[in-house]
Structure formats: C-alpha cells, structure tokens
Amino acid sequence: MALTNTNLENSLPLIAKGKVRDIYEVDDSTLLFVATDRISAYDVIMKNGIKDKGKILNQISKFWFSLLSDICPNHLITTDISSLPESVLKYKDQLEGRSMLVRKYKILPLEVIVRGYITGSAWKEYKTKGTVHGIAVRPNMKESEAFDAPIFTPSTKAELGDHDENIHPSEAAKIIGEKYAAEVEELALKLYNKAREYAITKGIIIADTKFEFGVDTEGTIVLVDEVLTPDSSRFWRADTYETGRGQDSYDKQFLRNWLTTNDLAYKDGVEMPDEVAQKTSEKYVEAYVQLTGQNWSS
Ligand SMILES: Nc1ncnc2c1ncn2[C@@H]1O[C@H](COP(=O)(O)OP(=O)(O)OP(=O)(O)O)[C@@H](O)[C@H]1O
Ligand SMILES: [Mg+2]
C-alpha cells in the first residue's frame, strides 16, 4: 500500500508539507523528514501514491550523502528510526524506511542548480536568446547536448504558490552574498561532477540537479534537503540518450504519457489507475537498483 499522508497525531509538531515530504520538528535543532509516496507530474500532486516511492527516494538521498561526504558536511543524522523520540515510535509503520532525522540549519534562500546538459527552461532560453540563465554558452548546441562543462544556474526560491525564477549567478551573489555564492557554486559543481561520473558508470545520465544549502552557527556551509533523487534531478537512461530531441524522464514518463493521452495533465485530484501506479513504482525500484547496485526490498 502506498502512504500518501503521515499522521503522527500530536506526538510531534508538523511544520510543513511539501509536494512529497511531511516535515516534523523534533526539537530546536532537529527535524524529521518523512518521504511519503505522493507523486507530482506537471506540478500537480496525484490523488493516490506510488508504492515505495518515498522509501526509495529516502534511500537514494542517503546513498548520495554517504558517497559525497568527502566534499562537504551534510545534515543527515540518521535514517534509523530507533533513535527517534519514544513518543513517535508507535507510528513505526508510517516511518520505517522513509524517515530521515536531520540537523536544522539556516537555509540559504537559493535553488542551487547545476546543469550538465541543455534541456527544459535552459533549452527554451537558449533557443530564443542563445544564453542560459543569461550566461553565454557555445553556439549551435542541440537539444539535450552536454555543455562543455557543467554550469551553475541558480534560481530564486519562490514563496508558496509562486514559481522559481532562473537567474544569473551574479544575481545569486546579491541574494546570499558574494562569499556564500562563490562557495556554493564551487561545492555544487564538485557534488554534481562526482555524482554524474558515478551515475554514468551505472547507465544513468544526471542531466541536472538542484541542491539546497544551509549554514551552521560558525558560517560553515552544509548540504541539506534531499540529494540527487529523481524528484530533484533529471535522470535519463544512457542507453536511449540521443541529442536533437527531448529525453524521456527515467521515472515519470509513463505517468506523463498517460496524463497527456487522457487530457489530464495539469488537472487537480487525478487518480492513477493501478497499472500506471504499478508501472511507475517499478521505475523507481529500477532506478534504485541500477544506481546503487543494491536489491530493493520494501
Ligand atoms: N536541514 C534543514 N534545516 C532546515 N530546513 C531544511 C533542511 N533541509 C531542508 N530544509 C527545508 O525544508 C523544506 C523542505 O520542503 P519540501 O522540499 O518538502 O517542500 P517544498 O520545497 O516546499 O516543495 P517541493 O515539494 O516542491 O520541494 C525546504 O524549504 C527546505 O529548504
Ligand atoms: Mg523542496
């Protein structure tokens, strides 16, 4: 069964609900992220969920936190629920495998995006202006082609309901200050490059990704949020990759196709048929297995 909502009653204060995660406050310095099985497509959350999606995303973030821990510190404390406060342990069924206890930080108000390949809003801008987030890039690029080198392409972190806006790195420096902007750019490129080189050996192209960073009381930058999951990144299959066209989404293509074929894209409250949910679930399992080389057992 898919879990689309958590309910810990009053054992911990629920401080936010994202498209996918429910966030609880454990104490002043600790948060509990619970990844549900909610799925969004075309920016709308489906009514039903995808079995195991939250657990898989949680495990993927955990995998990357470990692989990338030599580059910078991160917020992960543990994914082991036995370290959670006693009061929430009775909700074990909702939490096991899908929760992450993290240190709480002041968040830098910037979507730290790195793009290795030209697609999406970057491709759109390039076609009309020849630039990407206002940055000049090589002429005559084809859709989905790799940039000469990955680029830092930040966007604003919009308030609820608003859309993030693509900005030039110089604008990012105005928002978070030059020192932090330079630091996050360097870290994000290092993180992306290491992940990309790893993923390609597993047959997955990480076309782009979004990081978030926090700052501790000493001013040290810490990697937070989810990391390099199919929800925060574009994963493409290397074996079907081809420039000159858009690429299928590794995980959501089946769902997107079903939505568009049935004229349901962008509509609220859509319920996916079992077959669509099942197929999509299989894609997440496949992504996990392919990327980590581990078997999946829910
Ligand atoms: N260690 C941390 N300390 C404090 N806040 C954090 C930490 N890690 C992540 N966050 C914040 O927690 C929030 C996570 O929200 P979440 O990603 O679930 O929803 P959202 O960003 O509002 O929407 P979406 O589902 O579209 O991503 C973000 O605002 C993120 O900046
Ligand atoms: Mg988010």
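The second largest pocket is lined by 14 residues, with R237, T240, D248, S249 and Y250 lying nearest its centre. A pocket here is an open set of points on a 1 Å grid over the protein atoms alone, with protein on both sides within 12 Å along at least five of seven lines, and lining residues have an atom within 4 Å of a point. β16 (233-237) and α6 (253-261) are the elements that give two or more residues to this lining, and β16 gives the most, with three. Helices (H or I, at least four residues) and strands (E, at least two) are DSSP runs, numbered from the N terminus. The volume of the second largest pocket comes to about 190 Å³, a volume being the space filled by probe spheres set on the points, with grid points joined across faces, edges and corners. By class, its lining has five nonpolar, four polar and five charged residues; Ala, Val, Leu, Ile, Met, Phe, Trp, Tyr, Cys and Pro count as nonpolar, Asp, Glu, Lys and Arg as charged, and the others, Gly among them, as polar.

The model is a predicted one, where local features need pLDDT of at least 70 and side-chain atom pairs count only at pLDDT 80 or more, while totals for chains, interfaces and linings use all residues. Residues are numbered from 1 along each chain as its sequence is written, chains are lettered from A and ligands numbered from 1 in the order in which they are written, and side-chain values use heavy atoms, with hydrogens and water left out.

Now to ligand 1. Its shell holds 16 residues, and the closest are K19, R21, H75, R103 and E212 (near means one heavy atom within 4 Å). Domain 1 (1-104) and domain 2 (106-240) both give residues to this shell, so ligand 1 lies between them; the domain bounds come from an automatic or database domain assignment. An N or O atom in the side chain of R21 sits 2.7 Å from an oxygen atom of ligand 1, and an N or O atom in the side chain of K157 is 3.3 Å from an oxygen atom of the ligand. Y105 takes part through its backbone, with an N or O atom 3.1 Å from a nitrogen atom of ligand 1. The elements that give two or more residues to the shell are β2 (21-27), β3 (30-35) and β7. By class, the shell around ligand 1 splits into seven nonpolar, two polar and seven charged residues.

The largest cavity has a volume of about 40 Å³ and is lined by L32, T78, T79, D80, I81, L84, S99, M100 and L101. Strand β7 (residues 99-103) gives the most to this lining, with three residues. Five of the lining residues are nonpolar, three polar and one charged.

E9, in the segment before β1 (14-17), has a positive phi near 45 degrees despite not being glycine. D263, in the loop between α6 and α7 (274-292), is also a residue other than glycine with positive phi, near 60 degrees.

How values were computed
On a 1 Å grid over the protein atoms alone, a cavity is a set of points where a 1.4 Å probe fits but cannot get out, and a pocket is an open set with protein on both sides within 12 Å along at least five of seven lines; lining residues have an atom within 4 Å of a point. A polar contact is a pair of N or O atoms within 3.5 Å; within protein, one must be able to donate a hydrogen and the other to accept it, and residues adjacent in sequence count only if both atoms are side-chain atoms.
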